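Please read these notes with the structure open beside you, and look for each named part as you reach it.

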Amino acid sequence: MAAEGRRISLLCFFTTLLCFSLQTSEAKVRHYKWEVKYEFKSPDCYRKLVITINGGTPGPTIIAQQNDTVVVDVKNSLGTENLAIHWHGIRQIGSPWADGTEGVTQCPVLPGDTFRYKFVVDRVS
């Protein structure tokens with residue numbers, strides 16, 4: 001019975017230690033630089049002009065964990081068109097102006113300009 005009590009105590013200790021280490025993991029700042037521009041690509045085997053981010057389409061993946069701060073510097077190289085990035089599924093708590101709804105919550109990023117999106121990941125999906 002005493003050995004079983006020690007096992008339960010050790011199990012509780014390691015479970016508490018694991019929970020504590022998961023809760024105290026440090027949030028990081030994740031930096032990204034994107035250039036949005038037109039390029040000729042063949043996404044459907046037919047060469048046409050498409051919008052790319054850093055030369056790729058679809059756009060890059062953001063890798064972050066809960067409580068991380070994501071900073072994305074977006075340069076609009078579209079030439080004649082305004083730009084706004086909408087972050088589907090990312091709540092803009094504390095940064096509603098960065099929701100990417102041009103003319104509603106955010107002024108557009110004009111051609112040639114750079115805009116810094118900065119938000120905290122409050123939950124992961």
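1. A nonpolar core is a set of buried Ala, Val, Leu, Ile, Met, Phe, Trp, Tyr and Cys residues joined through side-chain atoms within 4.5 Å. In this structure, which is a predicted model, the largest nonpolar core has 15 residues, and V72, V74, W87 and Y117 are the ones that touch the most other members. At least two residues of this core come from each of strand 1 (29-41), strand 3 (69-77) and strand 4 (114-120), and strand 3 gives the most, with 3 residues.

2. V72 deserves a separate look: when its neighbours within four places in sequence are left aside, V72 is in contact with Y32, W34, I62, W87, F115, R116 and Y117.

3. Turning to the pairing of the strands, strand 1 and strand 3 run in the parallel sense and are paired over 9 bridges, and W34 has V74 in strand 3 as its bridge partner. Strand 1 is also joined to strand 2 (residues 48-53), by 6 bridges and in the antiparallel sense, with K41 standing opposite K48 in strand 2. The hairpin of strand 1 and strand 2 has 6 residues between the strands, and in this hairpin C45 takes a positive phi near 70°.

4. The side chain of Q92 makes a polar contact of 2.8 Å with that of S95, and, leaving aside neighbours within four places in sequence, Q92 is in contact with W87, A98, D99 and F119.

Key:
Residues are numbered from 1 along each chain as its sequence is written. This is a predicted model: local features need pLDDT of at least 70, side-chain atom pairs count only at pLDDT 80 or more; totals for chains, interfaces and linings use all residues. Side-chain values use heavy atoms; hydrogens and water are left out. Buried means under 20% relative accessible area, exposed over 50%, partly exposed in between (1.4 Å probe, protein chains only). Helices (H or I, at least four residues) and strands (E, at least two) are DSSP runs, numbered from the N terminus. Contact means heavy atoms within 4.5 Å. A polar contact is a pair of N or O atoms within 3.5 Å; within protein, one must be able to donate a hydrogen and the other to accept it, and residues adjacent in sequence count only if both atoms are side-chain atoms. Two strands pair if DSSP finds at least two bridges between them.
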